[in-house]
Amino acid sequence: MSSGRDTSPKPFGVVASFANPELLLEATRRASEAGYRRMDAYTPIPVEGLTDYLKFKDSRLGWITFLGGITGGSIGLWLEWWTSTSAYAHNSGGKPLMSWPMFFPVMYEATILFAAFGATFGMIALCGLPRPHQPVFNAEAMARASQDRFILCIEADDPNYDEKKISEFMKDLGAEEVESVMTTEGY
Amino acid sequence: MSLIDMNKHEMITGEWDNRSIDGRIGDIVLDPNRHLEAKLPGLLGKLLPQNMRSPWFVMAGIGFVFVNILLLCVTILVLTGIGVWGNNQPVGWGFDIINFVWWIGIGHAGTLISAILLLLRNQWRNSINRFAEAMTIFAVMCAGMYPLLHTGRPWVAYWLFPYPNVMALWPQFRSPLIWDVFAVSTYFTVSLLFWYVGMIPDFATLRDRATSAIPRHVFGMLALGWTGSAKAWHRYMHASIMLAGLSAPLVLSVHSIVSFDFAMAIVPGWNTTIFPPYFVAGAVFAGFAMVIMFSIPIRKWYRLEDFITMKHFDWMAKVMLATGLIVAYGYMMETFYGWYSGQSAEMALLYNRGNLANTPYSWAFYSLILFNVVIPNFLWIPKVRQNLTALFWISLSVNIGMWFERYVIIPISLSRDYLPSSFGYYTPTIVDFGMFFGTIGFFVFMMFLFIRFLPMINMFEIKELWHHMSHHKEHGHDVVATGEAH
């Protein structure tokens, strides 16, 4: 099917599932201390503090939203200025062509609209979505990651990746189930 | 003092502070005695969009009948022209604009609950925000229909938007009507985005729980491949807060801009600066009334007593009371300014509204005062706020009152403005009524479709509360009983 690229299943990582967020937080902390870097947690609810242990920091979304707002406001005001002073300049009730106080509402709404686009689509894009199939879905435990299980996955591209060692480590940390996951054929 | 005594003490004195509420929020939403032992999947089973009870068929059926009446009226309207409405000189704005403003207002509670209460970290909103947001979406749809159809040729309604065209025309950006186009379309788009973003994790839950192919694929596509990754959650929460931050000024601006449709004009009774704030308060007033009216039967039919508690009703009733008082203040100021202006047309308007003896419209004004000012004041009594039947009827009264408010503002002012030679009277036609009740039916129908197919309570936020609560119990905190007043 694919041309040239090797799409045979390869190891994706080791997936461990935990019963509650406290266990997961503890496991993530310990895994981080043990030197694992390429990992992610999958949870049904946002768990505060996880991203600190995952050493994950990303403030781009705020900037994207801000830029969206600036773009919207500028486009709104530019449109009003250009149409009212040159594209369709006509005297309406003796008001100045550039009657900026009257132009505020549209500019304001355009700012909010584009900022909201920035926040929504920026979030979706930064999360790498839409991507209906992801390798981690091959883990059986993932069926409950959106419901009541808290999952930690140490990925195969971690420099310290060793399936056996990680499995032992996770079991010691109180994981209910540990499995190793392969990527899907053809992806 | 034990925690239970403190709880009572605070309830009596009203000395709730945010911290004490935050500590107990799980107890308020979920009844700990029933749920702490329960397994999470069983708890969530109640929230899945699968329950089909007989009230569903009755309500969706009634809604469907009225949707057809709406379609019939719209067909008559489009085939004949807007002359089938009662609008005519001098009253160019009739039911269409009254209903437009009324529906936009009803939508505001959803945005207020989802945005402003999120920013204020009022977690009690968690169990009502989803369907309040759905109400916003459907209410704005109902609202949007009216001005589009009022253009007379809705198939060219895109002329409202600025786009390069062969007529070389551009919109008049100094007109409040164009501000409306931008405000309402932005409001609808942002509300839709906010609603959708809020549902992504729940779509993932539904995808993973689906037992047959169609829901699995549909929810799979809607979930966009959401994994619940910690990194994704981090961005997700960031995006939610920002969307809330963007929606909050939207709540305030949309109805302000709608009020400019009137306040920017020189028609007597319209040209006042009190309009924007009092329209916004009125919108929240009507919106909360609709949320209460809707959640009382839904809570009973779907047995959601553990999620929507008597405290929710108490708080919603208090918001309604507070905004109702602001609206009443608005009426007072409106009257005062009319008198203070000393202008003959404004004075004549006051006379038109208030004189029972020989003016055609005073019945509308006094209905407004009765439904919107007198009846809501019963909410001062705590017993009334705890009585769902009373609350339902008061909310209905508020919705009727808010409709009369727009009726008082629009036809009364328009029918008698500056030129006595063109005084007139406004009589709505059967098509006007058909469309009004038709949009109510459309709203009910859409809400029940939503209940059937989408999670009406935010599942991940309820799970979060559940974990929060079990965590507290494990660590030896006392769990205080909910103040359910059954």
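**View 1. A network of salt bridges links A:E26, A:R29 and A:E33.** A salt bridge is a side-chain nitrogen of Lys or Arg within 4 Å of a carboxyl oxygen of Asp or Glu. The structure is a predicted model, in which local features need pLDDT of at least 70, side-chain atom pairs count only at pLDDT 80 or more, and totals for chains, interfaces and linings use all residues. Residues are numbered from 1 along each chain as its sequence is written, chains are lettered from A and ligands numbered from 1 in the order in which they are written, and side-chain values use heavy atoms, with hydrogens and water left out. An α-helix has 3.6 residues a turn, so residues three or four places apart point the same way. A:R29 is partly exposed at a relative accessible area of 27%, and A:E26 is likewise partly exposed at 32%. Here buried means under 20% relative accessible area, exposed over 50%, and partly exposed in between (1.4 Å probe, protein chains only).

**View 2. The open sheet of chain A has four strands in the order β2-β3-β1-β4, with antiparallel pairing.** The edges are formed by β2 (39-42) and β4 (177-182), each with a single partner strand, so one side of each is left without a neighbour in the sheet. From one strand to the next, the twist averages 20°; axes are lines fitted to C-alpha atoms, for helices over the stretch in contact, and angles run from 0 to 180 degrees between N-to-C directions. Two strands are taken to pair if DSSP finds at least two bridges between them. Four bridges join β2(A) to β3(A), residues 150-155, in the antiparallel sense, and A:M39 stands opposite A:I154 of β3(A). β1(A) pairs with β3(A) over six antiparallel bridges, where A:S17 faces A:I151 in β3(A). β1(A) also pairs with β4(A) over six antiparallel bridges, and A:M182 in β4(A) is the bridge partner of A:P11. Seven of the eight residues of β1(A) are buried, so this strand is largely enclosed by the rest of the structure.

**View 3. Helices α1 and α5 of chain A lie across strands of the sheet.** Helix α5 (residues 163-172) lies across β1, β3 and β4, at about 10° to β1(A). In total, chain A has five helices and four strands, which run β-α-β-α-α-α-β-α-β from the N terminus on. Of its 187 residues, 47% count as buried. Residues 24 or more positions apart account for 81% of the contacts in chain A with a separation of 6 or more, a contact being heavy atoms within 4.5 Å.

**View 4. B:D314 and B:R385 form a salt bridge, with the closest N and O atoms 2.7 Å apart.** B:D314 lies in helix α12 of chain B and B:R385 in helix α15 (residues 382-385), so the pair ties together parts that are 71 residues apart in sequence. Both partners are buried: B:D314 has a relative accessible area of 13%, and B:R385 has 10%.

**View 5. B:R207 forms a salt bridge with B:D208 at 3.0 Å between the closest N and O atoms.** B:R207 is buried at 10% relative accessibility, whereas B:D208 is partly exposed at 23%. Over all chains, a search of the whole structure finds nine salt bridges.

**View 6. The buried residues of helix α14 (residues 362-374) of chain B include B:F365 and B:L368.** Also buried in this helix are B:S362, B:A364, B:S367, B:N372 and B:V373. The buried residues of α14(B) pack against α11 (275-301), α12 (310-341), α13 (344-354) and α16 (388-415) of chain B.

**View 7. B:Y158, B:W159, B:F161, B:V166, B:M167 and B:L169 make a nonpolar surface patch of about 630 Å².** Patches are made of residues with over 30% relative accessible area and no salt bridge; like charges are joined within 9 Å, and nonpolar side chains (Val, Leu, Ile, Met, Phe, Trp, Tyr) within 5 Å. Accessible areas come from the Shrake-Rupley method with a 1.4 Å probe, and for residues only the protein chains shown count as cover. B:W159 is found in the loop between α7 (129-150) and α8 (176-209) of chain B and is partly exposed, with a relative accessible area of 38%.

Conventions. Helices (H or I, at least four residues) and strands (E, at least two) are DSSP runs, numbered from the N terminus.
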